[in-house]
Amino acid sequence: MNLWDTNEIDYAGLGFRCGIEIHQQLDTHQKLFCHCPVGLVEGPANARLFRHMRPTLSEMGEYDGTALMEKKTRKEIIYEILNDRVCTYEMDDTPPFLINQQAVDIGIKLALLFQCKIVDEAHISRKQYLDGSIPTGFQRTTVLGTDGWMPYKDRRITIRQINVEEDACREVSDVGHRIVFRTDRLSTPLVEVITAPDMRNPIEAGEVTKLLAETNRISGLVRRGIGAARQDVNVSITGGDRVEIKGVERIGLIPGLTHFEALRQKSLLELRDELCNRDISLDNFAYNISDATRHLLKTPEFVGHWAVDQGGVIGAICIRGFGGLIGWYVFPERTFADELGGRVRVIACLDKTPNLAHRLNRAALGIPEREWESIGKGLNANTNDALIVTWGPQRDVVTALEEIAARCREAISGVPQETRQVLSNGRYTDFERILPGPDRMYPDTDHPPIPIEMKRVSNARASIPEFPWERRRKLSEAGLSQQLVSQLIVHPRFEIFQKMVEISGDIRWAARLVAETIKHLQRRGFETANLTDKRLLDLAESYREKEFYREGTLDILKVICKRNRKVSEAIDEIIFKITDEEAELIFEDLSDTANLPADPFKQKRYLMGQVMRKYRGAIPGKRLWDKVSAMTSRKDKATSEPRE
Ligand SMILES: [Zn+2]
């Protein structure tokens, strides 16, 4: 079986399920709960603020698993403050201002585009966020719509919820125990669209995400560009558990990521079965740990020797009955050791990789066999057991060894619930944090409920554009390619495009111009801002009046961009006005041309090129081609006859 090929995997047999949460910034001027302007700023910060996070009991009187995990990391958090982007609200010194009504209106419109029921009254909730990315330790969020759907293939994808919420800080760096955040992005209004786990294979996961993004963008009310949209992708298979791949920015990665996550869960379930065969259970799971520093003191070639030099330690752990399982494959190129390494990296903050040694890599990391055996002997390890070594500051090593034991213990149950981050190859994922429990949401008492009147909803309904799937159907029926259709339906100038079609009567011409030609010119450095809406409409009119032909479009656009000309001026500059009689004379002229290539097709191309260069869009290409074809076939006869 080829593990790289999504066609070779029986996803239905695996019980593959996938749900998407898409987060996209709303195009508002101000933030969600204060009046600070939205937008990122580069350059030095105006101030830096230092904080520690600590978990508090939830309303239910329990600690959340994620909260405890964050406590273990003992992170120091630095916030880079930007005076014109944050106020005391974001920094948790004042309660929220009244919610941004523009954001609520956009949220309602998006909820209607996803065919949701709109709530009568929106309540603000707090969603616990303890990774430091929000200084308050929670995100304010509110549900605006529920129970929506969108068509896909021959079925419906359920949209569970549409929420409006505040964005977190941008992470600048995360090294060791110190994490730095920039606060400009904090509290930017976001829409969160949550689907049911209705996607049955990785291809569907990618396609549906595209459709969700399309629906958001068709509204014209969301921000675009890098970082404006992020997806959380939830994947599970039968017997596995929900794993959330966080913050995927490129939709194109989703099929691969979900495919490999399904395979990872499958192999973790096989590992569980193997442990079961070995009679290892939660009850008899056992391990012991030791300080292995003295065994490696005189081994400077060991990559972890720096820990000793810096006053740290080398720790070892023996997991009973796990012999040979550390190298168990969980992805085509990653093993159970990487699962352990991920936990150690995140929770013990030992982020210099490799951060652990085991039987398979110990030689490559510079631990000689003799030393390895003496470490094992110290722990009474035999061949049935797994031996793992890790190194760093003492406190971190203790945390790391406990995490390794905890992760091995979880392997007995199968797939742990966690959030995972995308690795740089865009294909695999690594541990990010424990999946937050259901208790992470609780009511926010600082903000009053927001009644949503019928009138407000009906106003919103009147102003939403047509559904993207309807727009897609119409354009496809008009004969445009799927690629053009996909570009057009979310195009910011879709309305202008529609008017250009109405005026010119040529949908293909207008479609290519709006979706492709302008982008092409922009890439090549032309000042496309000069192509105003008005000028595009004028161009469509001139085209209808046959003041130029399709072939001249690009040259006219170039003149408008370069010299900021009106459409009529650009046409005058480019197109020689010629009458039919003059055109005939040109064709006559051509027939005299000497040195024509011998090949008839090349002849035609040559002649076309000559005329096009001179007269651009002044003669319709079809007419020119017919004429040149007629001429060259005459010539064929003329030159071939004498030979016979
Ligand atoms: Zn503010």
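Which residues of strand 6 lie on one side and which on the other, and are they buried or exposed? I124, R126 and Q128 sit on one side, S125 and K127 sit on the other, and all are buried, so both faces of the strand are covered. Bear in mind as you look around that this is a predicted model.

- Strand 6 spans residues 124–128 and is mostly covered, with five of its five residues buried.
- In a regular strand, side chains alternate between the two faces of the sheet.
- Strand 7 (residues 138–152) runs antiparallel to strand 6, and five bridges join the two.
- Within that pairing, S125 has T141 of strand 7 as its bridge partner.
- Strand 22 (residues 441–443) also runs antiparallel to strand 6, through three bridges.
- Here R126 stands opposite Y442 of strand 22.

- C36 is buried, at a relative accessible area of 8%, whereas C87 is partly exposed, at 25%.

- Four strands form an open sheet in the order 2-3-10-9, with mixed pairing.
- Strand 2 and strand 9 (170–175) take the edges with a single partner strand each, so one side of each has no neighbour in the sheet.
- From one strand to the next, the twist averages 20°.
- Strand 2 and strand 3 run antiparallel and are joined by six bridges.
- F50 stands opposite I78 in strand 3.

**Helix 13 against helix 15**

- The axes of helix 13 (residues 482–489) and helix 15 (residues 507–523) come within 9 Å and cross at roughly 80°.
- Because angles of 65 to 115 degrees count as roughly perpendicular, helix 13 is roughly perpendicular to helix 15.
- Helix 13 makes the contact with L484, Q487 and L488, and helix 15 with A511, R512, V514, A515, E516 and K519.
- By type, the residues of this contact divide into five nonpolar, one polar and three charged.

Notes:
Residues are numbered from 1 along each chain as its sequence is written. This is a predicted model: local features need pLDDT of at least 70, side-chain atom pairs count only at pLDDT 80 or more; totals for chains, interfaces and linings use all residues. Side-chain values use heavy atoms; hydrogens and water are left out. Buried means under 20% relative accessible area, exposed over 50%, partly exposed in between (1.4 Å probe, protein chains only). Two strands pair if DSSP finds at least two bridges between them. Axes are lines fitted to C-alpha atoms, for helices over the stretch in contact, and angles run from 0 to 180 degrees between N-to-C directions. Angles under 35 degrees count as roughly parallel, over 145 as roughly antiparallel, 65 to 115 as roughly perpendicular and the rest as oblique. Contact means heavy atoms within 4.5 Å. Ala, Val, Leu, Ile, Met, Phe, Trp, Tyr, Cys and Pro count as nonpolar, Asp, Glu, Lys and Arg as charged, and the others, Gly among them, as polar.
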